[in-house]
Amino acid sequence: MSIEALFKPKSVAVIGASGKPGKIGYAIMKNLIEYGYEGKIYAVNIKGGEIEISGRKFKVYRSILDVPDEVDMAVIVVPAKFVPQVVEECGKKGVKVLPIISSGFGELGPEGKKVEEQLVETAHKYGMRILGPNIFGVVYTPAKLNATFGPTDVMPGNLALISQSGALGIALMGWTILEKVGLSAVVSIGNKSDIDDADLLEYFKDDENTKAILIYMEGVKDGRKFMKAAKEVSMKKPIIVIKAGRSERGAKAAASHTGSLAGADSIYTAAFKQSGVLRALTIGEAFDWARTLSNLPEPPGENVVIITNGGGIGVMATDAAEEEGLKLYDNLEELKVFANHMPPFGSYKNPVDLTGMADAKAYEGAVRDALAHPEMHAIAVLYCQTAVLDPRDLARIVIDEYEKSGKKKPIVVAIVGGIEAKEAIDILNENGIPAYPEPERAIKSLAALYRWSKWKASKRKE
């Protein structure tokens, strides 16, 4: 049973649709309209009548069975006690996939779990799949689909975000907008009664719009299934996991939150390592890595070059590189090429210090030479804001040179400074070049790309 209709539905019905702002059934209708979904949208509510949302009028059908056309996806937003009947009706209607927003099932204990299992049984009888229950919905940016009650203005990109937590998932959507992280999809999986992480990994493995996958996870129900899927997908695309419930107390909290079994943390760590999953310990770290992994090519070799205008940030980046096991290129004969872009007191030893006098021309030449050199495989461009060069101009230089080079190598940027520095970082991130306000974050993100690439290479040899 394919889950294609979850991301590319030709029509969507919202069961429990409402014309009242503040209601979830209103928010989902509004998001579908305002994000630009081009398929048909149907409002279903037992009350019937007509509603108006975002300037569009909708006839309200009393039941999904009354909708005159085919419906691919039905988003269910009715109280838990009505969900079994609605699922049955969706089955009779021939709906393909059901995101169930309603909560009050497995997370409440054994009784709720039983109802959840019956829902899945009914769905499978009709060839339907269930997402949830206890979720905030699904986004797929290439189809302009935002069937959530989260933010409307998700930035399109190459990263698929899967979240087991609803509130955190919505917050992360908002955070990606602020931080200029582009998403291909956002999927809230809640109680995972049917569609789980492994099913989604399988789908994203072959999705041409997704280059990396980030999962917020509290636990998995079928460890073997997850590992098998993760190992296969990791050979093709990187997977980053934030696994909560590392402590004993945290694991108990996770169990009461989505009814998930957290299990011993050391088992997860070992399983992730084996299947090529990169485990991030914080949200910030996960998204830092996701920037490089969803935007950059794999490095063609191990030689890293750091270009900077400040000795201090150069040293900090060097420390981080050493800690992360990155190899700094040290062939002085070849590094001499950078002498053309610095005053006599500059240093072309790696880190390459263009000095505080470095202007647009110096950075342009240095970045161009590094990208063109066959033995320089990955580049970190660092900049401490000075009066000599506006950081936004540097951002445009890096974008321009990277475009011209054919984007064959990974490049990361760190700009330390004020408001202009933040603007420059945003410009770079909007253009798919990972940029950070601290040198260590840029280096650690590059290291994550190397880790995944090396894991893949080791598996190919086996």
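Is Ala387 buried or exposed? Ala387 is exposed, with a relative accessible area of 87%; exposed means over 50%, buried under 20% and partly exposed in between, with a 1.4 Å probe and protein chains only. The model is predicted, so local features need pLDDT of at least 70 and side-chain atom pairs count only at pLDDT 80 or more, while totals for chains, interfaces and linings use all residues. Residues are numbered from 1 along each chain as its sequence is written, and side-chain values use heavy atoms, with hydrogens and water left out.

**View 1. Ala387 in its loop.** Ala387 sits in the loop between β18 (378-384) and α14. Helices (H or I, at least four residues) and strands (E, at least two) are DSSP runs, numbered from the N terminus. Between the C-alpha atoms of Ala387 and Ala43 there are 57 Å, and the two residues are 344 residues apart along the chain.

**View 2. Helices α13 and α14.** Two packed helices are described by the angle between their axes and the distance between the axes. For α13 (residues 360-372) and α14 (residues 391-405), the angle is about 25° and the axes are 10 Å apart. Axes are lines fitted to C-alpha atoms, for helices over the stretch in contact, and angles run from 0 to 180 degrees between N-to-C directions. The angle makes α13 roughly parallel to α14, a term for angles under 35 degrees. Residues of α13 in the contact (heavy atoms within 4.5 Å) include Tyr363, Val367 and Leu371, and those of α14 include Leu394, Ile397 and Tyr402. By class, this contact of α13 with α14 has 7 nonpolar, 1 polar and 4 charged residues. Here Ala, Val, Leu, Ile, Met, Phe, Trp, Tyr, Cys and Pro count as nonpolar, Asp, Glu, Lys and Arg as charged, and the others, Gly among them, as polar.

**View 3. Tyr363 and the largest nonpolar core.** A nonpolar core is a set of buried Ala, Val, Leu, Ile, Met, Phe, Trp, Tyr and Cys residues joined through side-chain atoms within 4.5 Å. The largest has 81 residues, and Tyr363 is one of those that touch the most other members, along with Ile240, Leu293, Ile307, Phe338, Ile415 and Leu428. Helix α16 (residues 439-461) gives the most to this core, with 8 residues. Not counting residues up to four places away in sequence, Tyr363 touches residues including Ile307, Leu354, Val381 and Leu394. Another core, of 54 residues, lies apart from the largest one, and Leu131 and Phe226 are among its members.

**View 4. Cys90 in helix α3.** Cys90 is buried, with a relative accessible area of 0%. Leaving aside neighbours within four places in sequence, Cys90 is in contact with Ile15, Ile64, Ala74, Val95, Leu98 and Met128. Helix α3 (residues 83-93) packs with α4 (residues 110-125) at an angle of about 10°, the axes being 9 Å apart. That makes α3 roughly parallel to α4.

**View 5. Backbone details in loops.** Most residues other than glycine have a negative phi, and most peptide bonds are trans. The peptide bond from Gly132 to Pro133 is cis, with omega near -5°, and Pro133 is in the loop between β7 (129-131) and β8 (137-140). Asn350 and Pro351 are also joined by a cis peptide bond, with omega about 10°. Lys144 is not a glycine, yet has a positive phi of about 55°. Lys144 is partly exposed, with a relative accessible area of 37%.

Conventions:
Angles under 35 degrees count as roughly parallel, over 145 as roughly antiparallel, 65 to 115 as roughly perpendicular and the rest as oblique.
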